[in-house]
Number of protein chains: 4
Amino acid sequence: MAAIAAADTLDTAYDGDAWSGRLDAAFSDLFERRVSAIWVPTGTAANCLALAVLCPPFGGVLCHEEAHVQTDEGGAPEFYTHGAKLMTVPGVGAKVTPDALKAKLGTLRNDVHQVQPHALTITNATEYGLVYTPEEVAALGALCRDRGIGFHMDGARFANAVASLGCSPADVTWRAGVDALSFGFTKNGGMSAEALVFFKPNLIDETKRRRKRAGHLLSKGRYLAAQILALLEGDLWLENGRAANAAARLMAEAAGTRCVHPVQANEIFIRVTAAEAASLRTQGFDFYDWGEGEARLVTAWNHSAEDVRPLAAAIAAL
Amino acid sequence: MAAIAAADTLDTAYDGDAWSGRLDAAFSDLFERRVSAIWVPTGTAANCLALAVLCPPFGGVLCHEEAHVQTDEGGAPEFYTHGAKLMTVPGVGAKVTPDALKAKLGTLRNDVHQVQPHALTITNATEYGLVYTPEEVAALGALCRDRGIGFHMDGARFANAVASLGCSPADVTWRAGVDALSFGFTKNGGMSAEALVFFKPNLIDETKRRRKRAGHLLSKGRYLAAQILALLEGDLWLENGRAANAAARLMAEAAGTRCVHPVQANEIFIRVTAAEAASLRTQGFDFYDWGEGEARLVTAWNHSAEDVRPLAAAIAAL
Amino acid sequence: MAAIAAADTLDTAYDGDAWSGRLDAAFSDLFERRVSAIWVPTGTAANCLALAVLCPPFGGVLCHEEAHVQTDEGGAPEFYTHGAKLMTVPGVGAKVTPDALKAKLGTLRNDVHQVQPHALTITNATEYGLVYTPEEVAALGALCRDRGIGFHMDGARFANAVASLGCSPADVTWRAGVDALSFGFTKNGGMSAEALVFFKPNLIDETKRRRKRAGHLLSKGRYLAAQILALLEGDLWLENGRAANAAARLMAEAAGTRCVHPVQANEIFIRVTAAEAASLRTQGFDFYDWGEGEARLVTAWNHSAEDVRPLAAAIAAL
Amino acid sequence: MAAIAAADTLDTAYDGDAWSGRLDAAFSDLFERRVSAIWVPTGTAANCLALAVLCPPFGGVLCHEEAHVQTDEGGAPEFYTHGAKLMTVPGVGAKVTPDALKAKLGTLRNDVHQVQPHALTITNATEYGLVYTPEEVAALGALCRDRGIGFHMDGARFANAVASLGCSPADVTWRAGVDALSFGFTKNGGMSAEALVFFKPNLIDETKRRRKRAGHLLSKGRYLAAQILALLEGDLWLENGRAANAAARLMAEAAGTRCVHPVQANEIFIRVTAAEAASLRTQGFDFYDWGEGEARLVTAWNHSAEDVRPLAAAIAAL
C-alpha cells in the first residue's frame, strides 16, 4: 500500500515510467542472468501470454489434467493462443512426471491430422500444493529441449515453492530449462500484479504487443511495477512465502493423517466428513469444500502462527 | 463421374447454380421435414462449421475422447470455433452414453472460471464402426435439450449407419434431437462433397457466411451439388452404404473372435500378431495397423462380396 | 486512494465482494433505468469486450477512421472479436455523422462475399475533443436500430462529454439508442478502473465469461469497484469532468485562432510551429506533438485554473 | 476433365498420392528454382493461408483498398490470420505503387499501440485487369525487404498477367522479391484447384498444418493435383491465359474510349448508360454491372475470337 501510494505521482504512461523501467534489472538480479520482465494485472494474463508466445495457433500445450489453465481459466489459454489445444497428462497431486509426459508424447503421430505439442506448462507449487524440485523440473526441461518444446512455469505460488525448496530461483527455472515464468505476486501480498519473466529475452517484444492487444497495458502501470518492486526488495516476496508455508505446516501437523497430499507449500487438503466440515464452520472457520469429503485450506502471506492455531486446534480436535 | 461431367456447363458461380439450388428440397424430402443444406468439400469443414454455429468461442464442445474432431482434425474445431474447448467423454467403441455424458456434466461448476458446454457432437457410425440407434441418440438428445446444449452428428459414415439400422434418416437425427448433421458423401462414392444439414433451418445464413469466410465457397459449386444429388437420387447413397456394410459383415464372419468391436457398419478391427499382419501383407492385402496387435479394415461403397472374399479367406486361414 | 485503502480488507474474491455487488445499483441510479455494469482495468478491455458481445467474428464494426479502436489499440478489437472487420467512416474531428454512416452502408452489398456490419462504435467525447449531443447520438441510434446494428459508445472521456453537455447521462446513451457504454474512470481520477455498462442487461452474462477468458477478472476486484463507487458518489466523476473542461476552455481562450477544433471537452489541439513548440518546452511545458505543426494538450480532472494559467499565458504570448 | 477422370483410381489419401507428389517438381521447373507447392480448392484459401503464414495475429497486412482480400472474401483473411489487420493503400486501378506504400508506412508509429505491418499482398493481374511488370513488383519487393515485410502475390489471374507480360514466371515473382504466390487455375480452366507456391520452401510445413486445420486437406486430393498438372503440362495454363487476353483485347478495341482502365489482361471495364446496358442485355449478353454507369466484362480461357465478336460488335454499335 505504501509502495502504491508512493507511485501516486505523475510519470510517463503505460510502461514508460521509472518503476516499470526497473523490472528487467530487478529480476535479472534475482535470477542471476539477464531476463526480460513485464507486469500484468492477473495470473491468467501472465500464463496465457506466455503460452501464446511459445505455441502457435495450430499447436498444442501439454499440461496436467488438473492444471489451472485447463480447468479454471475459462478458456483463456485457447483465447490467447487462438485455439491451441491443451493436451492433458495425468499424475498424482497435479504433478507432471517425465514418464507421464513421455507416455503422452508416445501416443502422438507426427502428421498434420494430429496437433503437435509446442509447449509444456507446469505449476510450481502445484494446484495441490506440491513442489517440483530443481531436479524434477530439469528432467522435464530436458525432454522439452529434445523435442523442441517451449517450457513455461505457472508460478502463481512461486514464492511458496522457492521458500519450500530453499534453492535459488534460478535453479528451479532457467537452469532447469524453463523459458518463461509467471511470477505471482497477487497471492503473495500484492494488490493486482504478476510478473511475466522471459529467460529468452528476445521473446519480450512480441509479448508486449500481445499484452497491449489483450488490453493488459494499463495506462498507470507504475502502480503494478511499484507493488512488484516493493515485494522484491529485501526478498519480501520470499519472506511472505515462508510465512504462509510455516502456517501451512502447522496446520498439516494438526491434521495429521487427514492430509490428502504432502503439505509442501501453503495449501492443505484434508479429509473431513460433512458433519466435521459443518462443525468447523459452526466454530467460525471458512474454507473451500473440495468435492465429496475433502476440504481445501490455504494459508496467506500475512498469516502468523497465532492466526492459524485456532483452526489447527479445531481440526486436531475433530 | 457422369454427374460431374453433366455439371460441366456454365451456370451461376458459387452456390447460385441450379444444382446447389436443389439441395434444400432434396434433403427435405429425405428427412421428411423442411431442412437447410449446403455443400462443403470436406468432412472437417462440415463438422467444424456446425460446431462453430452451435458453440460460442467461450464455450465447450462435448465429444468422445476418441472422436475424429478431437484426435484427427488437426485442431480444426478449435480454429473454426475460435478456441472453444473440446470436453471429452470416455466410452467403449468411441460411443458416448447418457451415463458418461451425465457424469461429465456433473463435474462442471457453472461459474465463469470453467468453460460451459454448448454443444455435443457424436459420430454415427462411430470411429470404431458402432452404430447409435434412434433410441440411443434420443436419450442424448433429451439431455441436450434439458441443458440447452446443441446437438451435432458427424455422419462421415451416415450411410453405413442408416443402412445398418434400417430406419428412416429422420429417426436417427432430428426426431432424436439432432440439430445439425454432417452427411458424408466422399467416403460413400463422392469425389469431394459433404452436405451440412441443419434441422434448425434458421442457422443456415450464419453458416453460409462462415463457409465463405473459411474459403469453402467453391466458385464452381455445381460440381459438388451434382455429386450429392446423384447419390441421393434413387437412394444410391443407401445402396452404397448397404454394399459396404455387407462386405464388412462377410469379413467379420471370417474374422470371428478376432473382432475387437461388433461390426455394425463398414469398419472391422481385428486382433492380429505382427507375424499375421506381415503374412497378410505378403499375400498382397493392404490395411491400417491400429496400435499394437490390431488392424483396421474398411470396406468401400463399391466393394462386392467377390472383392473382399480373398482377404476374408486369408484372415480365416490365419 | 482513500477508497482503495478502505477496500484493503478481506472479502470474496473476483467480483463476489460487496463493492462489486453495488455496481449495478449505482449505475442504474445514475442512468435512471436498470442496467448491468462490470469493472475492467482498461478502456481497451471495456471497448473490446463490448464489441465482441455486439459483433460476431464474421461481422464488421463501423467506426471513425481515426477512432481509438482503429488506430491505437494494437489490434485489440480484432483479437476480442476473433477477427471482425473494422469498417471505417471519415468525418471532421473524428465524429461519425449520419450522412457518412449512410454513405458507408450504401457501399456494401448484402452477400456472403462482403462482411456485414453488426455494430457501430463512436467515441464521446471524440479523439479530438468534440462532443456528440443527444440529438446527434439519437440520429445514429435510429440508423442502427433500422439496420439491426448494435451501438457502442467509447466513453473514455464520458465525464467530459456529459459535463460539457449538461444533460442527463441517460439522454446521451440509452435514450439515444446506445446499447453499451465504456464509462471511463482512469482518465478521470481513477487508478485503473473502467466500467462497462450494458443497457441491455441480458448481455452481461456472456460479457462476464468473456472478461474471465480475457484474463480481466482480477482476483481482488474490490479495489476496482471501490474506485468507481468513490467517483460515482456525490457525482465526483462529473465534478472532475467539469474541472478538466474548465481548464481546457481557459486554454482555448488563450489559444484563440490557433485552435484546430472547437474545444468542447478537455482536449485542445493547437497550431504551433516547431520553433513555437520548442519555445514552450524550453519554458518547461510538456505536451504531445500531433503531426507536423500541431500540438495536443489535455487537461486533467485535477487541474485548476491556476494549474493551467501559466501554459495558457505562454501560448497567448507566442 | 480427362485429367480428372484419369485420377479416378485408388491412391494414397490426402496429398500422399502420386499426382500431389509431383507438384513441387512441376512448379520448380516452371519457376527455375526449388519451390514448395500445395493444392487448395479455392483462391480464398490460397490467399489466406499465405497471409497467415507471413503475418502473426497481432500484425498487419498491407493491401490495396480494393483488393479482393479486403472487399470480397467475407473476412477470410481476418479468420485465417486470427485477426491481423488489413491496412489499405489507395491507388488507380487497384494497383499498389511504391509511393503509396511508402506514404502508408510513413503514417505508422512503431509502438505497441499501433499494429505493425508484417506482409504486403498485391494482385496480379489486379482487380481491374492491370498488370504489374517485373520492375514494378521488384520496387515493392525492395521496400518489403528493407522493412522485413513478407510479400504475397494473389495470382488468381496469374496466367493472364504472365501471358500479357511475356516474361518468365520467375521474373515477376521471386526474382522481384515475392515470397508466396497464389497461382490460380480455377479461373483458367480448372474445376476447383489453386496452387499455393512458396519461394521460401521452409514455410511449407506450417502451411500444410494450417491447411489441414482449415479443413482444406481433401481426402482425394489427387483430383486437384491432376487438374493443376494437366494445366501446367505443355504450358496449357499460359495458352489459356493468352486466349482470354486476346479475346479481351478484341473487346477493348471495340469499346475504344468507353474503357475505364487499360485492358492488359482479361477484364474490360466500360462506361455504359443504363439504357445501353439494357440494350445489350436485350440482345442476350450477360455481364456484371459495376456501380453506376459501368459494366465489367470478363473473358474466359476458352473464349475464341468468334465467341466474343458478337458482343464486341454490339458494344461498338452502341
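Which hand, left or right, does the crossing of H3(B) and H11(B) have? The crossing is left-handed. The model described here is predicted.

## Helix packing in chain B

Two packed helices are described by the angle between their axes and the distance between the axes. For helix H3 (residues 23–31) and helix H11 (residues 222–232) of chain B, the angle is about 25° and the axes lie 11 Å apart. Angles under 35 degrees count as roughly parallel, and H3(B) and H11(B) are therefore roughly parallel to each other.

On the H3(B) side, the residues that meet H11(B) are B:Leu23, B:Ala26 and B:Leu30. Their partners in H11(B) are B:Ala225, B:Ile228, B:Leu229 and B:Leu232. By class, this contact of H3(B) with H11(B) consists of seven nonpolar residues, with no polar and no charged residues.

## Contact between chains A and C

Chain A and chain C touch through 25 residues of chain A and 25 residues of chain C. On the chain A side, the elements that give two or more residues are helix H4 (43–54), helix H6 (76–81) and helix H10 (204–213). The side of chain A that touches chain C has 11 nonpolar residues, nine polar residues and five charged residues.

## Symmetry of chains A and C

Two copies of a chain are related by a rotation about an axis and a shift along it. Chain A is superposed on chain C by a rotation of 180°, with 0.0 Å of shift along the axis and an RMSD of 0.0 Å. The two copies are thus related as by a two-fold rotation axis. The same surface serves both copies, since 100% of the contact residues of chain A recur in chain C.

Which residue of chain A comes closest to the rotation axis? That residue is A:Ala214, whose C-alpha is at 3.5 Å from the axis.

## Contact between chains A and D

Chain A also has a contact with chain D, which takes 11 residues from chain A and 11 residues from chain D. By class, the side of chain A that touches chain D has four nonpolar, two polar and five charged residues.

## Cis peptide bonds

In chain A, the peptide bond from A:Asn124 to A:Ala125 is cis, and its omega is near -5°. A:Ala125 belongs to the loop between strand E4 (116–123) and helix H8 (134–147) of chain A.

In chain C, a cis peptide bond joins C:Asn124 and C:Ala125, with omega about -5°. C:Ala125 is placed in the loop between strand E4 (116–123) and helix H8 (134–147) of chain C.

## Positive phi values

A:Tyr14 is a residue other than glycine with a positive phi, near 60°. The loop that holds A:Tyr14 runs between helix H1 (2–6) and helix H2 (18–21) of chain A. Is A:Tyr14 buried, exposed or partly exposed? A residue is buried if 20 or more other C-beta atoms lie within 10 Å of its own, and exposed if 12 or fewer do. A:Tyr14 has 18 other C-beta atoms within 10 Å, so A:Tyr14 is partly exposed.

Phi is also positive in C:Asp235, a residue other than glycine, with a value near 55°. C:Asp235 sits in the loop between helix H11 (222–232) and helix H12 (236–255) of chain C. Because C:Asp235 has 15 C-beta neighbours inside 10 Å, C:Asp235 counts as partly exposed.

Key. Residues are numbered from 1 along each chain as its sequence is written. Chains are lettered from A and ligands numbered from 1 in the order in which they are written. This is a predicted model: local features need pLDDT of at least 70, side-chain atom pairs count only at pLDDT 80 or more; totals for chains, interfaces and linings use all residues. Two residues are in contact if their C-beta atoms, placed from the backbone, lie within 7 Å. Helices (H or I, at least four residues) and strands (E, at least two) are DSSP runs, numbered from the N terminus. Ala, Val, Leu, Ile, Met, Phe, Trp, Tyr, Cys and Pro count as nonpolar, Asp, Glu, Lys and Arg as charged, and the others, Gly among them, as polar. Copies are superposed by least squares on the C-alpha atoms of residues with pLDDT of at least 70 in both. Axes are lines fitted to C-alpha atoms, for helices over the stretch in contact, and angles run from 0 to 180 degrees between N-to-C directions. Angles under 35 degrees count as roughly parallel, over 145 as roughly antiparallel, 65 to 115 as roughly perpendicular and the rest as oblique. A crossing is left-handed if the near helix is turned anticlockwise from the far one by less than a right angle, and right-handed if clockwise.
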